[in-house]
Amino acid sequence: MNFSFDSYRIFYYAAKYQGFTQAAQILGSNQPNITRAIKKLEAALGCKLFVRSNQGARLTPEGEKLYAHIALAFGHIQAGEAEIAANQSLQSGVVTVAASEVALHCFLLPVLKAYRARYPGVRIRVTNYTALQAIEVIKDGLADFAVITTPQRLPKTLRHHILMEIQEVPIAGTAFAELCGKPLTLRELARCPLVGLEAHTATFGLYSKLFSEQGLTFQPDIEVATADQILPMVKNDLGIGFVPESMVRDDIAAGNVMVLSLETPVPKRSICLLRQEDQPLSIAARELKRMVTASGQ
């Protein structure tokens with residue numbers, strides 16, 4: 001049997017309110033139309049669905065069985081409508097963001113805090129990756145968008161938007177105090193123990209290129225997985241590391257680490273928003289993307 005949604009909608013409201021007149025009022029129709037629709041449905045099903053009386057319309061046993069299924073279906077429909085309405089008003093929803101460590105600490109955290117304060121019902125999932133891993137996550141459609149650092153080689157299917165520039169600086173602990181106060185060459189720096197990210201990261205590639213342009217090899221004595229692990233190593237005098245200046249301002253002010261001066265400046269990097277060009281975003285994700293973009297340069 002193939003009945004339109006309207007046939008079952010009429011049956012649902014007539015059964016729910018136990019009357020054809022009430023169903024007609026709710027549906028913006030009239031009683032004769034409701035009666036004809038119910039009779040047509042009964043004829044097709046081969047059974048009576050209602051027993052009508054002066055008190056209204058009572059379901060027959062067959063009508064009760066049908067209503068149990070129809071009511072369940074309408075419950076799902078209404079729940080879906082309510083969920084969409086809640087998402088549209090940003091009372092609920094889920095946003096998934098892939099973020100590299102530097103982008104998270106130097107840019108994204110304050111935006112996420114503001115978003116959570118404004119839309120507490122929306123769940124935010126932040127997955128922490130290297131920039132290269134975040135690109136793969138976006139390509140696979142596993143996150144709404146990513147916030148990462150450059151330089152990166154991006155696939156043509158991905159769209160990016162520059163949010164801000166960052167300047168990385170070499171920092172050292174008190175054991176290297178003699179290096180402070182004078183411009184250092186990269187050759188002088190290369191003689192010191194270095195702390196850096198692992199070889200497969202874009203950051204490692206950036207410094208490898210910088211050192212190689214001076215005929216040197218960038219070889220960290222200590223390799224770490226994420227940028228936030230560099231600072232503890234430096235504070236404990238295990239080596240000199242490159243970090244975004246904004247990540248260590250408090251430690252610089254407190255005298256925990258020192259910024260070294262270089263004759264060859266470190267190239268500036270950018271933090272950018274990255275997303276799959278043809279991937280649709282939910283209302284919650286679009287709003288977070290808007291706030292992220294608005295917070296950029």
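## Basis of the values

The model is predicted: local features need pLDDT of at least 70, side-chain atom pairs count only at pLDDT 80 or more, and totals for chains, interfaces and linings use all residues. Residues are numbered from 1 along each chain as its sequence is written, and side-chain values use heavy atoms, without hydrogens and water.

## Overall form

The chain contains eleven helices and 14 strands, taken as DSSP runs numbered from the N terminus (helices H or I, at least four residues; strands E, at least two). Its C-alpha atoms fill a box of roughly 100 × 35 × 30 Å along the principal axes. The radius of gyration is 32 Å, whereas a compact globule of 297 residues would have a value near 19 Å (C-alpha atoms; globule rule 2.2 Å times the number of residues to the power 0.38).

Of the 297 residues, 43% count as buried, that is, under 20% relative accessible area with a 1.4 Å probe, protein chains only. Among contacts (heavy atoms within 4.5 Å) with a separation of 6 or more, 74% join residues 24 or more positions apart.

## Helix H11

The buried residues of H11 are Ala-284, Ala-285, Glu-287, Leu-288, Met-291 and Val-292. Seen down the axis of H11, these buried residues fall within an arc of 160°, so they line one face of the helix (directions from the helix axis to the C-beta atoms). They pack against helix H5 (101-118) and against strands S3 (94-99), S5 (145-149), S6 (158-166) and S14 (269-276).

Definitions and conventions. Buried means under 20% relative accessible area, exposed over 50%, partly exposed in between (1.4 Å probe, protein chains only).
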